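Hi there,

Here is the structure I promised to pass along. Please have a look at it before reading my notes below.

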Amino acid sequence: MNIGVFGLGYVGVVNVACMYKNGYKVFCTDVKSQKVQSILEGRSPIKEPDVEEIIREGVEAKGIVPTLEAPVVVANADVLLFCVGTPSKADGEVNLSFVKNVLSEVLQFLDKNDEKWLIFRSTVPPGTTEMLKQQFLDKLFPNVKILFYPEFLREGSAVKDFFNYGRCVIGSDFQDIPDKIINLLHVNKERPLFITNFRTAEFSKYVDNSFHALKVVFANEIFRLGSGLGIDVKKAGEIFVSDTKLNISSKYLKPGMPYGGSCLPKDVREIQHLMHQQNLDLHILKNIIPSNDAFIEAIYQKILSVRVKKVSFVGITFKNNSDDLRESPILKMAERLSASGFEIKIWDEDLNLSTMRIDFPHLYLSIKEFSECISQTELIIVSKRYLNKVKESAPEKVSVINLSDEIDSPFMNLY
Ligand SMILES: NC(=O)c1ccc[n+]([C@@H]2O[C@H](COP(=O)([O-])OP(=O)(O)OC[C@H]3O[C@@H](n4cnc5c(N)ncnc54)[C@H](O)[C@@H]3O)[C@@H](O)[C@H]2O)c1
């Protein structure tokens, strides 16, 4: 199986080198002739550890074939990898013209019945691969298969990352991708492989990169705040990352309820206070509370949009296996709805009834049996661990808003 690579920038060159290293013959091209010329001479057009040696070896062995002729790449390759740029336009939207151009160029050289694999590596917004497939391929080239295969390499360690990535993601609109293609793309069998639809694969790259950017900004902000408080910032950083249970872990990283409880709200408020004391304007830190409040408001508006008057809350304490109601966002919502004349029912097996009777007397009478909450209502808001319990018992006509961290598409939820 031969590979063709379009685009010889940071991603394309590394893919050329690493696919060759994995035993494939690789044809490659770029619209910039100097990049093709550089590879022809056995030199890498980009600075990246290990790449130049592999390129030189590959060109000498005729396992890497650079050419200015796109039709040569198309004719010789079974799998075409598109690694062209997707820069931002002035308004921030991604510019897809390089992707569209390269695809329409390649299609000129394909015969109607050609069986090729076209694989997109460029970072593109969700919906792009579907759009390209429908617009350019579906009717004209029925035997061409499309995949989206996001690239996760980091410049400076790209070759290492190619062979030792966090996980491999493949976006596809069919199930049975042949082993030869999986083996080409998923080179490190010790790492997880996710085969998903195009949109989810496309989005995964944006989830990663926005999180990486957030980590940088968060670390800069919180430790800048700390340095003004006489803190040993290096030690504080070590202490933070050494906790791989709650900090550097998947904890708190699932979509679900807004945060609440006895600690996060009050401690984040103190961070605001320290920031003001030091006259620091730290944008991520100062927007934590507004972001959480905006999410609570979005849920509230979602409830109103269902246009019902009887609402049940299944799960009301701020998290699983705790009876703490302090700053429970769901409790706040129930209070607000109750004050606006909604008929509220509440069930939660973690509830402490005496706390409820003393601290929230106006909601105490709303506490009902689970069966009543489920049957005598028009809308159920599920939080915590109760989604399955609700799914098993809720009548079909009752709407459900799922705030637990089990996202379940047949049920109406916010996501
Ligand atoms: N650079 C990274 O570390 C990195 C990592 C992961 C993903 N990505 C994504 O991969 C994509 C490529 O990134 P890059 O940094 O390699 O970009 P780049 O700008 O370095 O390279 C793109 C190359 O494509 C070429 N090109 C454009 N149109 C072409 C055509 N019709 N035919 C042949 N070649 C053509 C350009 O001349 C250029 O050399 C982007 O979508 C980027 O977001 C980049």
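This is a predicted model: local features need pLDDT of at least 70, side-chain atom pairs count only at pLDDT 80 or more; totals for chains, interfaces and linings use all residues.

Let's start with helix 13, which covers residues 288-305. Helix 13 has 18 residues and spans 26 Å from its first C-alpha to its last, close to the 26 Å expected at 1.5 Å a residue. Its packing partner is helix 14, residues 329-339, with the two axes 11 Å apart and at an angle of about 45°. The two helices are therefore oblique to each other, and their crossing is right-handed.

Which residues of helix 13 and helix 14 meet? From helix 13 come Ile296, Ile299, Tyr300 and Ile303, and they meet Pro329, Lys332, Met333, Arg336 and Leu337 in helix 14. Sorted by class, this contact has 7 nonpolar residues, 2 charged ones and no polar ones. As background, an α-helix has 3.6 residues a turn, so residues three or four places apart point the same way.

Now to the backbone angles. Most residues other than glycine have a negative phi. Arg307, which follows helix 13, has a positive phi, near 55°. Asn279 also has a positive phi, near 60°, and sits in the loop between helix 11 (264-277) and helix 12 (283-286). Asn321 lies in the loop between strand 9 (310-314) and helix 14, and with 9 C-beta neighbours inside 10 Å, Asn321 counts as exposed.

Note on methods
Residues are numbered from 1 along each chain as its sequence is written. Axes are lines fitted to C-alpha atoms, for helices over the stretch in contact, and angles run from 0 to 180 degrees between N-to-C directions. Helices (H or I, at least four residues) and strands (E, at least two) are DSSP runs, numbered from the N terminus. Angles under 35 degrees count as roughly parallel, over 145 as roughly antiparallel, 65 to 115 as roughly perpendicular and the rest as oblique. A crossing is left-handed if the near helix is turned anticlockwise from the far one by less than a right angle, and right-handed if clockwise. Two residues are in contact if their C-beta atoms, placed from the backbone, lie within 7 Å. Ala, Val, Leu, Ile, Met, Phe, Trp, Tyr, Cys and Pro count as nonpolar, Asp, Glu, Lys and Arg as charged, and the others, Gly among them, as polar. The expected span of a helix is 1.5 Å times one less than its number of residues. A residue is buried if 20 or more other C-beta atoms lie within 10 Å of its own, exposed if 12 or fewer, and partly exposed in between; C-beta atoms are placed from the backbone.
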